[in-house]
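The structure is shown first, and the notes follow by topic.

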Amino acid sequence: MKISFTLNGKPISRDVAPDKRLIDFLREDLGLIGTKEGCGKGECGSCTVLMDGEAVCSCLLLCAQVQGRHITTIEGVQSGNELHPVQQAFIETGAVQCGFCTPGFVMSSAALLEKNPEPNEDEIRRAVAGNLCRCTGYSKIVKGIRIAGKRMREKS
Amino acid sequence: MKKKNPTSIIGSRTARSDALAKVCGTEKFVADYMYDGMLHVAVIRSPVPHGELQGSNRRELEAMPGVVAVLFAEDIPGKNCIPVVLSDMPCLATGNVLYVGEPVGLIGAETPEAARKACAAARLDIRPLPAITDPEKSRDENAPKLYGDENVFTHLVMRSGDVQTAFQKASVIVEGTYRTPYQEHAYLEPQGMIATPEGDGAMKVTGSMQCPFYVQDAVAQVLGLPLAKVRIVQSTTGGAFGGKEDVPSFVATQAALVAHATGRSARLIYSREEDITTTSKRHPAVLHYRTAADKKGNLLAVEADYILDGGAYTTLSPVVLWRSIVHSVGPYRCPNIKVDARAVATNRVPCGAFRGFGSPQVLFAVESQMDRLADELGIEPAEFRRRNLLKSGDKTSTGQVLKDSVGSHQTLENALSAAGKAPEKKVSSSKRAGRGISTIFYGVGLGAGGEHLARTGATVQILRDGSAVFSVGTTEMGQGMRTALGQIVAEALGIPFERVQMTATDTSRVPDSGPTVASRATTMSGNALLSACKPIRETLFAVAAPLLNTTTDKLKLTQGQIESPSKTIPLQDVIDECFQRRENLAAEGWYRVEGTTFDKSTGQGDAYVTYAWSTNVVDIEVDTETGVVEVKRIFAAHDVGRAVNVSGVEGQIEGGSVQGMGYALMEDILSEDGVIRNPQFSTYIIPTAVDTPEIKPVIVEVPFEGGPFGAKGFGEQPLMGIAPAIANAISDAVGVRINELPLTPERVFAALNQKNKNED
Ligand code: FES
Ligand code: FES
């Protein structure tokens, strides 16, 4: 079937099997490999993308479900050459170790800060509770989100 | 102690060199590589814990759509074995299968779906045999024999002094049986490999791994190729924690067999479920401990007898057991010791390496016993440790005299002062607060148990434009080795960190450098890099000296320049001059560890070249109505010799502490009759951001002369002492002692109930 949606700000229209998972379409058909598969069951958050601004697991979505929607992947989160504030802060705070979980955390955090520019510690932790990280112990990730939020507020 | 140079990059918070690509999602992990014409591999596995293989529906599978290759043991061109410590584990089972999930056959197909379908359609004829699925029954007389006469892979002992007399003289004796569960690594990137046949009958395998030289050995043996024809390239590895030490050898041979049989690239990426059910884990353990002290609070004797469940094959159990026994008395002076440790065989998934390598199990028992002794003696737990904790000049339990870099007491005092006053016991009507402590140590590197592997190579080259490239044989798996090593090269050559590049770890670039395990990468490869930088520096100095009208012994290399007492010259000018004169600015480095010894009959000797030290202080709250334990704060003090990258050291402490907290409170593989029942993240629960407490890393630096800039490996240590500290904190909060991990609400609640009953 033909599906049409907006991907990283640009319209896209493709023939795909309607039961193809969004993650496979992104990675295999489009080569957008920044979205990672850690479990395939909606349990780790490595595959997080934004659908109409909400963080969702692309391993649980079928292509048919994104018809007409706005999808943003890690490849579309920067503006031009400028990193998203969360990406920048993650580099600075040391929030990245193996990096397999990182794109998912960037997406969940971006969604949070979009909706809630001044989250408290608890809100930050809850917003990324669906994202597993086995390396960092989360401290530096949470710190990175806090710093990114602050910078975004200062900018706007 | 060396003076800290304020401009030095060593000890800085330099951002990781791989962070940018990782936050952008452009860093490539094994599953991100796609090749034209690549086949997809699936593994046919045993559904039973023990049985005799009698046949399969091979022909049917071969006829399925999209299937290109179906392979069983008889199709293996080389030796059907995965070399680890011993070589008892086959690549594909033949004769008997020994655990659920044991690889029996391979499918190579055009698409992942076709491979999966064929795999699901596989029918194995297996005559079931009685199985051992409880490690405590493994040594029963009537148990089926899986390994030797007694189902014991390895039996190690440690003996010193006279335990019997010591117990007779002791003022207090405590005794307990402790149980610890499986722990799953749960690295976020599942296992995966891509094998590609190359010209001349060679095979290249790329994938997620810790130990490329192990993989090379395995692939060469299974394919029957000389090592020279097998090249292993590590792809960016998404976490490992020991889980990618030996297991990648299995995965690589599985992919390589299909590639070899078909002449096409073959890719194998494990699903999460396959990964959790069929790959190694932390050994479950059952530990009996008797510990004695005199009335002044001096530790007198430790007697212990314990087993680790090795699973169906030896894999790494002998060396895991070795590390565990060396740590089985803890970091204390103790004159009388009798320890017996066995790794036993069961019909369960083979256990292997996991951060701490056999030590978290024994340390849980040791540190629980220490608190119980302190309690009996009426001494504060911290004070009891202070009296017994090893210091420089003391002898460890293996009789090794400690020399330099013994930061044990500093970690104790610094952790205590960081933690400050203990919280008030009563938090609310149902909640009680408690504080627990553990002091531990970690033998750095492979030690005498793996001395034959304790060497590593490196190459370094300065390029024409003054940038530098280096290669090592150890691997980056998230821990930050690449950045720390880049800092070491930058410092040694006076080149900006941003202009130093590490190549992907590749067996064709450096000689066999042993495994990346035992927290050895930064120290070992760091030393090998320094040895490679040495001749390069000599060349630079030899060329610079006449330009500065001085002799080489008067020269210093600092960031971007070479200095004589009176003048300086830009480094780039010297490099230009070197190229002009056709001097060689490339070199190889080599480093090996000497001087470890071990007598197997007594368990005595200089087990490790040095030790890292740690104290954890943990504050918790227990809800007495639900049994839920909430960790509020962890103060984790670690003597790391020298922190090459402060941010990286903190990251290791924070991440390791949280893994330790998972081990303590929630992580548990449910295995019934050898079948793992919870192979998902929804049922195997690891800590999330909402479960994690405030963690305060306390870095202690007592330099180690044998390490690069004084650094010593410690990456495993942050996990190791958390579980006993939490158990001790529970005891402090509510007066119950639980000897079995994880400390789930059910167990805590049951213990509280029992206590209330006893008090009624
Ligand atoms: S891969 Fe989608 S949640 Fe894990
Ligand atoms: S950085 Fe490795 S899983 Fe998060």
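The model is predicted: local features need pLDDT of at least 70 and side-chain atom pairs count only at pLDDT 80 or more, whereas totals for chains, interfaces and linings use all residues. Residues are numbered from 1 along each chain as its sequence is written, chains are lettered from A and ligands numbered from 1 in the order in which they are written, and side-chain values use heavy atoms, with hydrogens and water left out.

**Interface between the chains**

- The interface brings 54 residues of chain B into contact with 41 residues of chain A, contact meaning heavy atoms within 4.5 Å.
- About 3,600 Å² is buried between chain B and chain A, and carbon and sulfur atoms give 60% of that area; buried area is the accessible area (1.4 Å probe) that two parts lose on being put together, summed over both.
- On the side of chain B, the residues that lose the most area to chain A are Val23(B), Leu188(B) and Ala689(B), which together give 19% of what that side buries.

**Domains of chain A**

- Chain A comprises domain 1 (2-76) and domain 2 (85-155), with bounds that come from an automatic or database domain assignment.
- The C-alpha centres of domain 1 and domain 2 of chain A are 21 Å apart.
- In chain A, 17 residues of domain 1 are in contact with 12 residues of domain 2.
- Between them, these two domains of chain A bury about 1,100 Å², 64% of it on carbon and sulfur atoms.

- Four strands of chain B form an open sheet with mixed pairing, in the order E19-E18-E17-E23; strands (E, at least two residues) and helices (H or I, at least four) are DSSP runs numbered from the N terminus, and two strands pair if DSSP finds at least two bridges between them.
- Strand E19 (500-502) and strand E23 (586-592) of chain B are the edge strands, each pairing on one side only.
- Neighbouring strands in this sheet are turned by 20 degrees against each other on average, direction ignored; axes are lines fitted to C-alpha atoms, for helices over the stretch in contact, and angles run from 0 to 180 degrees between N-to-C directions.
- Seven bridges link strand E17 (residues 455-462) of chain B to E23(B) in the antiparallel sense, and Thr459(B) has Glu588(B) in E23(B) as its bridge partner.
- Helix H13 (residues 521-547) of chain B packs on this sheet, touching E17, strand E18 (468-472) and E23 of chain B, and its direction makes about 40 degrees with that of E17(B).

- E20(B) and strand E21 (residues 561-563) of chain B are joined by three bridges, and Leu557(B) has Ile562(B) as its bridge partner in E21(B).

- In strand E25 (residues 629-639) of chain B, eight of the 11 residues are buried, which denotes under 20% relative accessible area, against over 50% for exposed and in between for partly exposed (1.4 Å probe, protein chains only).
- Strand E24 (residues 611-623) of chain B pairs with E25(B) in the antiparallel sense over 10 bridges, with Val631(B) in E25(B) as the bridge partner of Ile620(B).
- E24(B) and E25(B) form a hairpin with five residues between them, and Gly627(B) in the turn has a positive phi of about 80 degrees.
- E25(B) also pairs in the parallel sense with strand E28 (residues 694-700) of chain B over seven bridges, and Ala636(B) stands opposite Pro697(B) in E28(B).

**Strand E8 of chain B**

- E8(B) is joined by nine antiparallel bridges to strand E13 (residues 285-293) of chain B.
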